[in-house]
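Subject: Structure handover and notes

Hello,

My notes follow below it.

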Amino acid sequence: MQHRTLGAQGLDVSAIGYGTMGLTMAYGPGDETEGRAAIRRAHELGVDFFDTAELYGWGTGSNEILLGESVKDFRDEITIATKFGFDLSDVQNGFGLNSRPENIRAVADNSLRYLGTDRIDVFYQHRVDPDVPIEDVAGTVRELIDAGKVKYFGLSEAGPETIRKAHAVQPVSVLQTEYSLFERDVEQLFPVLEELGIGFVAYSPLGRGFITGTAKPAAEYDETDLRRVDPRWQAGNFERNVAAVDRIAQLAASKGITVPQLALAWILHQKDYIVPIPGSRSRTRVEENTTAAGVNLTDADLAQIKAILPTGGFGARYTQMPEWV
Ligand SMILES: NC(=O)c1ccc[n+]([C@@H]2O[C@H](COP(=O)([O-])OP(=O)(O)OC[C@H]3O[C@@H](n4cnc5c(N)ncnc54)[C@H](OP(=O)(O)O)[C@@H]3O)[C@@H](O)[C@H]2O)c1
């Protein structure tokens, strides 16, 4: 597996990472045994960048515990990223934001314990908190770096002003935001990332499973699956997205690859500082996705993809869009 450099602080990771969110939330009930096996298979195939978050355990640490236990035999060979920034003290009644310094410190200590490790390699602010100056957030992460608890600082869903202010206090190694054949908005931030020397992690790189050829009508997903309400799965958008993926599938087939492989290869061909982190509960899909690191797309392929999806998929990526500030 090829590696990529994210930012200017020395963060070096496999060109394709692995996201653990779907093992405990978002896409219906998970199977812990399969999840552990998928993580281990990813590592066998050269994936060394694993993404989790406090949020994915709803305040119980379940996602971080699952990841930590799965990687304990090879922890020192991999990079673990986790995230802070939500108030999960009363999840029965919903959750808000909390990037106050005392919460960041508490989340870091919890994450270290849940992951069973002595350091968090990448610590992201999951969402910008309008009630806490970003300088205070960056300063708190800086203290954690000085204390040896954290190695690199990341932001998620942040806008240019926040990125610049944070970077001035503690250099930001990586921005993480949704990016895929269906979601292009973040391209407007690439010049800022290039100017400041910050890497980029593409989350939901398979469009939450739509850009795989396996999307079903919203009502066919489990009651707890977020795709039941995802705008891209709703009538009107759904059919147009299916038609676009069908055309992508024809191109992929003509190259002897699959839709997910083409979707991930497309991301890798955009910039050399981008790393996608697809999630899957299945070992065979992890194998399929990981192979995308070796797929070459020609200029003609890229032009054909642009003709099929010039600006992305149909429908918004969230019912309530995160606001970039
Ligand atoms: N920073 C943030 O706010 C944020 C937000 C969302 C996600 N993320 C991160 O990004 C990671 C990935 O995003 P994601 O899980 O939302 O979306 P994704 O990777 O775009 O898609 C995941 C979905 O695609 C399916 N899938 C994966 N590979 C497949 C294949 N080869 N063929 C068919 N289906 C396939 C998975 O199903 P199976 O499991 O059944 O294979 C799953 O339902 C997350 O795990 C998380 O770490 C971050």
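In which strand is Ser 173 found? Ser 173 sits in strand β10, residues 172-178. Before the rest, two caveats.

This is a predicted model: local features need pLDDT of at least 70, side-chain atom pairs count only at pLDDT 80 or more, and totals for chains, interfaces and linings use all residues. Numbering runs from 1 along each chain as its sequence is written, and side-chain values use heavy atoms, with hydrogens and water left out.

Helices (H or I, at least four residues) and strands (E, at least two) are DSSP runs, numbered from the N terminus.

**Ser 173**

Ser 173 counts as buried because its relative accessibility is 1%. Buried means under 20% relative accessible area, exposed over 50%, and partly exposed in between (1.4 Å probe, protein chains only). The side chain of Ser 173 makes a polar contact of 2.7 Å with the side chain of Gln 9. A polar contact is a pair of N or O atoms within 3.5 Å; within protein, one must be able to donate a hydrogen and the other to accept it, and residues adjacent in sequence count only if both atoms are side-chain atoms. Contact means heavy atoms within 4.5 Å.

**The ligand**

The ligand is surrounded by 31 residues, and the closest are Tyr 27, Asp 51, Leu 206, Ser 280 and Arg 281. A residue is near a molecule if one of its heavy atoms lies within 4 Å of it. The shell divides into 10 nonpolar, 13 polar and eight charged residues. Helix α9 (residues 283-291) gives the most to this shell, with three residues.

Polar atoms next. Arg 285 has a polar side-chain atom 2.8 Å from an oxygen atom of the ligand. A polar backbone atom of Gly 209 is 3.3 Å from a ligand oxygen atom. For Tyr 56, a polar side-chain atom lies 3.5 Å from a ligand nitrogen atom. The ligand taken alone exposes 900 Å², and the protein buries 93% of that.

Val 286, Asn 289 and Thr 290 are buried in α9. They cover an arc of only 95 degrees around the axis, so they are on the same side of α9. The arc is that of the directions from the helix axis to the C-beta atoms. These buried residues pack against β3 (18-19), α1 (32-44) and α8.

In α10 (residues 299-308), Asp 301, Ile 305 and Ile 308 are buried. Their arc around the axis is only 60 degrees, which puts them on the same side of α10. The face turned away from that side carries the exposed residues Asp 299, Ala 300, Lys 306 and Ala 307. The cover over the buried residues of α10 includes α7 (237-254) and α8 (259-270).

Ala 53 lies in the loop between β4 (49-51) and α2 (62-70). Ala 53 counts as buried, at 1% relative accessibility. Beyond four places in sequence, Ala 53 touches Glu 64, Thr 82, Lys 83 and His 126.

Ser 111 is in helix α3 (residues 101-115). Ser 111 is buried, with a relative accessible area of 0%.

Best regards

Definitions and conventions:
Areas by Shrake-Rupley, 256 points an atom, 1.4 Å probe, with all protein chains shown as cover. Nonpolar A, V, L, I, M, F, W, Y, C, P; charged D, E, K, R; others polar.
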